[in-house]
Amino acid sequence: MLNVLHHLPGELLSLDGTEIYQFLPDLTLIHLPGELDPPLLISVLLHGNETTGWLAVRSLLSKYGSALPRSVSLLFGNVTAARERQRHLPTQPDFNRIWAGGEGTEYALAQQVLGEMRSRGVFACLDLHNNTGRNPYYGCIPRLEPDFLALARLFAPVAVYYTAPQTVLAYAFSDFCPAVILECGLPDAPASTAYGLAFLERCLHLKSLADVPPTPLELLHTLAVVKVPPAITLSFGPHTTADLHLPADLDRWNFQTLPPTQAIALSGSQRGALQAFDESGEECTQQVLHQAGGAWYLRRPMVPAMLTLDSAIIRSDCLCYLMERMGVPATSRGPRSCAAEDFPPVDLLT
Ligand SMILES: [Zn+2]
């Protein structure tokens, strides 16, 4: 049964994400009244190691107390994994892959969350996450409709349009309200928390998404996800016996356009394989990647995202997503590059 509260447990705002499990079970909804309805749905800790959402919400609720300009429905995700600072525990599903139905307690609770919020109505669904590698702040939207674009613009000047996986929370909410995944940079960083908090405050004061200024937005579209097969050993740096060698600073490529002449990985053995899958889950390795002279290359210029130096994340999720830049939507005024000095191109190990 879904745990639904209508108040904040007394000590909650003084707790670290690792301590919430003492007061709340996984997938708890807390409805907090504000001046305007319907509520903002704010989702935190769907991934237990992604701390920025809770840190920003904790600051937001401490600041506004019971005088919220708009009602908030706060969804706590995987507080059990947050205790261990894990994305999810080995015995659990990924809590951002449970929103399209399935067998098991978490899937049933997710459907109850959707049912409860659908009946209440939602102003916007904001799902806060972190990356494990260096990326700019960016939103991910499952639809190119004006309200979705407005949410993305309000968060950052760059956004990703995705249509898979359809099992994520924001995709499920997009059936009945504007929804966005907010990639808030690295976890625990004060700058990430400040950025997330500023965005939540802007949302809290909005009367309508039509009021969001038409600032420039650069949109990218996901083409493929790149995975390392489980049997392949990998390492960072060239001088090992691993099957696949990745550059030690590959996350500096995130949101950079990589040319097809740039080697992205080296094969240390004949087994050194990468695999790519399109948004429908079909393998598309040959369409986006090729191997030559012991190195892997892109077939054409593409933009990687979510490249990480964390091999556990590469194993459990993916090496990266490959994207291409889209045309400028009608509701934006012009293109603007997200490439900052923080994300310069780099040379691969050789
Ligand atoms: Zn996440």
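Which residues does Leu 126 touch, not counting residues up to four places away in sequence? Leu 126 touches Leu 40, Leu 41, Ile 42, Ser 43, Val 180, Leu 182 and Cys 203; two residues are in contact if their C-beta atoms, placed from the backbone, lie within 7 Å. The model is predicted, with local features requiring pLDDT of at least 70 and side-chain atom pairs counted only at pLDDT 80 or more, whereas totals for chains, interfaces and linings use all residues. Residues are numbered from 1 along each chain as its sequence is written.

**View 1. The largest nonpolar core.** This core has 99 residues, and Ile 42, Leu 126 and Val 180 have the most contacts inside it. A nonpolar core is a set of buried Ala, Val, Leu, Ile, Met, Phe, Trp, Tyr and Cys residues joined through C-beta atoms within 7 Å. A residue is buried if 20 or more other C-beta atoms lie within 10 Å of its own, exposed if 12 or fewer, and partly exposed in between, with C-beta atoms placed from the backbone. Helix H4 (residues 146-155) supplies the largest share of the core, seven residues. At least three residues are drawn from each of domain 1 (3-216) and domain 2 (222-325).

**View 2. Strand S8 and its partners.** Helices (H or I, at least four residues) and strands (E, at least two) are DSSP runs, numbered from the N terminus; two strands pair if DSSP finds at least two bridges between them. Strand S5 (residues 124-129) runs parallel to S8 and is joined to it by five bridges, with Ala 179 in S8 as the bridge partner of Cys 125. Strand S6 (residues 138-141) is antiparallel to S8, with three bridges, and Tyr 138 has Glu 183 as its bridge partner in S8. Five of the five residues of S8 are buried, so the strand is largely enclosed by the rest of the structure. On one side these are Ala 179, Ile 181 and Glu 183, and on the other Val 180 and Leu 182.

**View 3. The open five-stranded sheet.** The strand order is S10-S11-S12-S15-S14, with mixed pairing. Strands S10 (234-236) and S14 (289-292) stand at the edges, each with a single partner strand, so one side of each has no neighbour in the sheet. S10 runs parallel to strand S11 (residues 244-246) through three bridges, and Ser 235 has His 245 as its bridge partner in S11.

**View 4. The contact between the domains.** The protein chain is divided into domain 1 (3-216) and domain 2 (222-325), with bounds from an automatic or database domain assignment. Twelve residues of domain 1 and 16 residues of domain 2 form the contact. The C-alpha centres of the two domains lie 29 Å apart.

**View 5. Backbone features.** Cis peptide bonds join Asp 37 to Pro 38, with omega about 0°, and Ala 164 to Pro 165, with omega near 0°. Pro 38 lies in strand S3 (residues 34-44), whereas Pro 165 lies in the loop between strand S7 (158-161) and H5. Asp 188, in the loop between S8 and helix H6 (190-205), has a positive phi near 70° and is partly exposed, with 14 other C-beta atoms within 10 Å. Met 306, in the loop between strand S16 (303-305) and helix H8 (311-316), has a positive phi near 65° and is buried, with 23 other C-beta atoms within 10 Å.
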